[in-house]
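Colleague: I am new to this structure. Please take me through its aromatic rings, one step at a time.

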Amino acid sequence: MIKKDKALLIFLPSYQNNHESYYKVLTEVVFNEKNVTLLAYSNDCNLKSNNNLRVICPKKNEGISQFTLRNIKYFIKADLVVLEELYKVSFLIPLIIVAFGSKTLLSIHNVNKWLKRDGIIKKNFVKEKVIDLIMKNISGLIVISLSLRDYIYENKLYDKKVYYVPFSDTRYIEKNDDFKSKKEITFTIPGTVNTERRDYISFLKATLLLIEKNGNDQNIRLVLLGKKVKTGREENELIDKINKIKENTVKFWENYIDTKTFENEILNSNYLIGNININYEENLIKEIYGQSKETGALFLMLKYRTLTLFPKEYKSNALYDCFMIKYENSPDGIYNTMKEIIANKFEIENQKSNFQKHDKIVDTEIELLNNTFK
């Protein structure tokens, strides 16, 4: 067993508020009994220091290089450094990695950005060289899903160790007895409502078809669990039309949802929906959801033990597939899938052993990561 006085440094040079669940997994689940220092380059950090965790944030108007140099002693003392994916690179960060790379694991969320940048080198030569330098000097990677690790190994993109740490805490949360007895079937799409990332029209059209054919006898609800950020006229017209036929069939929010409301809605959902657009591009880098990039719906599926609908094009690890219902990505295909679900009401209890397998994999990865301390 590793002694508690071994020192871990978690360095977040590009702090992301929407990644806080991942930071908590690292500090509260993976390394919860270690001497951890977390350098968070953010003036809006919600993580707090405790007995095992020291959280350090920048001073007012302090640049990333100044912040890093001021805390260089923690890099020197650390037995292991976990570096969060870089979104902006200062001149100092690559030098830090060269100096301490032998004890550094880089945590990445976008695989192609780091390992498969096809044809991009001509666009930004300096950035390519920085990425090459970082990848050459680190001792390994951490990825947020088994699917991402499969993609790396199957495509032979990296020949050092790749560890798996879920983006969110996947320890089981039991649904209450009231949920088990309710008759209404609820389908929930978690995340901000943004048509650039997800396809809502097909699900709204399928829901409309179900309501039109069955009216008040169709006891379903479609929950858009996130603030409406970007919707088109067609989506809004479909929502209005559905709710006029049967009131409150589609539930939505105009403002951001607090954590308690979000969790209550998930706990009261029979099925989640990962209606993501599979292909995603950022800064000329093409990512593929389920292979090189992951969606938050996957981690909600694991945490809340809830069967989740994904498009058939979404490729994932075989263990994850056990918890998924795949659909043809068209209004008719989705209608047929939802109709079958309503008729048969697939039960998550049948997958308990597979969720236990996933729990054991996570436990093994935690042990392996802790054993990287020298």
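Modeller: What follows is a close look at the aromatic rings. This is a predicted model, where local features need pLDDT of at least 70, side-chain atom pairs count only at pLDDT 80 or more, and totals for chains, interfaces and linings use all residues. Residues are numbered from 1 along each chain as its sequence is written, and side-chain values use heavy atoms, with hydrogens and water left out.

A pair of aromatic rings is described by the distance of the centres and the angle of the planes. Rings of Phe, Tyr and Trp (its six-membered ring) pair if their centres lie within 6.5 Å; planes under 30 degrees apart are stacked, over 60 edge-to-face, and the rest tilted. The whole structure holds 12 aromatic pairs.

Take Phe11 and Phe75. Their ring centres are 5.2 Å apart and their planes stand at 85°, so this pair is edge-to-face. It links distant parts of the chain: Phe11 is in strand S1 (residues 7-12) and Phe75 in helix H3 (residues 72-77), 64 residues apart. Helices (H or I, at least four residues) and strands (E, at least two) are DSSP runs, numbered from the N terminus. Both Phe11 and Phe75 are buried, meaning under 20% relative accessible area (1.4 Å probe, protein chains only).

Now Phe187 and Tyr271. This pair is stacked, at 5.5 Å centre to centre with 25° between the planes. Phe187 lies in strand S8 (residues 185-190) and Tyr271 in strand S12 (residues 271-273), so the pair ties together parts 84 residues apart in sequence. Phe187 and Tyr271 are buried.

Ring pairs also join Tyr15, Tyr22, Tyr23, Phe167 and Phe299 into a cluster.

Conventions. Buried means under 20% relative accessible area, exposed over 50%, partly exposed in between (1.4 Å probe, protein chains only).
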